[in-house]
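Trainee: I would like to go through the labels on this structure one by one. Can we set each value against its cut-off?

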Amino acid sequence: MEGSGDREEPYGTAYSGVPPHNKAVNFKDVPREFMRGLVEMSVEFGKGCRDVVQQSLVTEDSFLVRNFGKDSYIGRKVKVPYDNVLRRLSFFNDYLVPEDKDPFHAWSVILFVFVLALAVLGVSVEHDTSIPVAKKVYIHPPSADRIMLPDGRYMAYREQGVPADRARFSMITPHSFLSSRLAGIPGLKASLLEEFGVRLLTYDLPGFGESDPHPKRNLESSASDMMFLANALGVSDKFWVVGYSTGSLHAWAALKYIPARLAGAAMFAPMVNPYDSLMNRGEKYGIWEKWTRKRKFMYFLARRFPRSLSYFYRQSFLSGRHGQIDQWLALMLGRRDRALIEDPVYEEFWQRDVEESIRQGNAKPFVEEAALQVINWGFSLSDLKLQKKQRGKGILNLIKFLLSGSEEEYTGFLGPIHIWQGMDDKVVPPTMTDFVHRVLPGAAVHKLPYEGHFTYFYFCDECHRQIFTTLFGTPQGPLNNTIEVEQTSFDDIEVQEEVTEGDVQEEVTVGGVKTD
């Protein structure tokens, strides 16, 4: 009796919660006892479920027994695998209570309880205040400079770099989807703009940021807005247009509709219409295979049912909370892009840019922007190709050409087009740039090994210097027009004073009048 009492003591004290006075608690036994209790409860619960099922469904004349019982065709087919499973689970018999030695039944019960426990834990996690929640979107007070367009709309813009009267080069950058005028060229240093004498202008697209929406927006009106901005801000010379990702749509439109105002184009992972009829089958496959199913579905909706996109946008970036760009836009990212978007510097920039982009809280501008990517643009990229203008047919046109003695006329964009493409870009795949280069063979393509969609354009000082050197050559600093004009004016005043004094002396001598 005494020996049996010693053997039962650990179990009695463990359940009562009071440890024995003469022995230390062995914490290794706690999980084991917990698992033993869980197994016993699971088995009892399973037995109850089994009894209910047997009494209601599993009778000899039921449908299940006739078609899936041991004597049925299916039952005979699964008998051998069933016996093998029982043999493999035989080790579990040591943990079962004596009343039930069916390991297959016990495992099924445990699996059911495990799934049920996960569901309960999932519900409890949603209400756990200790879990960090997504950061709320903060709408900042209006602070942008704005101009009035000819149709009465206001356009918000941002100016960086040197002043207009000292700018050696001017650049205008339309932003990409879910962005704003604050983006520009992310991380671009003011010292680099000063070194090359560059004036950089960015603006909010209609309905984005602090710009008024456009009731009948298309790519031609986008090019017109860009031209009006340049004229209103004193850009008298030709300017460079910068297109990044989906912002390239507006850069392509500028090349088509206002080519006389452009000095050139700088494109970075430029987006084109993925449904372009000029694409061959291999190019379409190389582009679409890099995209997620959700992104393909969103393009389908944008092309066929654009209004339905507002529902998805309100569930993501218009929900009032911040999130990841790859999740919101269903993007597949490479290794370096993934590392960049997790960087705190990028995250701070991205959140501020999104807050400015969605400040109006209206889904319509984003739906319009998404639809512009996939609908008919009203022009083709082949229209931008530099080629000789065809003369009209007939004798009269030939005689007119011979008498005029004019040189050959060309169509398309006459200026330089530079394209930078990351070879690990899964957002705008390299195949898309290969298509552009096939249609526009005169464009200079700079392929970037190991670079993704963001890594070369965002927060890379050396990359920005390489870009400016490619576009503008050796840095020469800002213009010195102000100093030269002031010096010339001073010299002119001295000359005019000398001429005036000489004239006065001549008049005094001729008149014979002496003056003091």
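**Labels and their cut-offs**

Mentor: Start with Asp461, which counts as partly exposed at 41% relative accessibility. Keep in mind that this is a predicted model.

Trainee: Why is Asp461 called partly exposed?

Mentor: Buried means under 20% and exposed means over 50%. Asp461 has 41%, so the label is partly exposed. Lys189, at 42%, is partly exposed as well.

Trainee: What makes Asp461 and Lys189 a salt bridge?

Mentor: The cut-off is 4 Å between a side-chain nitrogen of Lys or Arg and a carboxyl oxygen of Asp or Glu. Here N to O is 3.1 Å, so the pair qualifies. The pair links distant parts of the chain, 272 residues apart. Asp461 lies in helix 18, and Lys189 lies in the loop between strand 3 and helix 6.

Trainee: Why is Arg146 with Asp212 called a salt bridge?

Mentor: The closest N and O atoms are 3.8 Å apart, and the limit is 4 Å, so the pair counts. Arg146 is in strand 1, and Asp212 is in the loop between strand 4 and helix 7. The structure holds 19 salt bridges.

Trainee: Glu159 and Arg199 also meet in a salt bridge. How do you know which of these residues is buried or partly exposed?

Mentor: Arg199 has a relative accessible area of 4%, under the 20% limit, so Arg199 is buried. Glu159 has 38%, between 20% and 50%, so Glu159 is partly exposed. Their N to O distance is 2.7 Å.

Trainee: How do you know that Cys460 and Cys463 form a disulfide?

Mentor: Their sulfur atoms are 2.1 Å apart. The cut-off is 2.5 Å, so the pair is a disulfide. The link is right-handed, with 60° about the S-S bond. Both Cys460 and Cys463 are buried. A search of the whole structure finds one disulfide.

Trainee: Why is helix 8 called mostly covered?

Mentor: Eight of its 10 residues are buried.

Definitions and conventions: Residues are numbered from 1 along each chain as its sequence is written. This is a predicted model: local features need pLDDT of at least 70, side-chain atom pairs count only at pLDDT 80 or more; totals for chains, interfaces and linings use all residues. Side-chain values use heavy atoms; hydrogens and water are left out. Buried means under 20% relative accessible area, exposed over 50%, partly exposed in between (1.4 Å probe, protein chains only). Helices (H or I, at least four residues) and strands (E, at least two) are DSSP runs, numbered from the N terminus.
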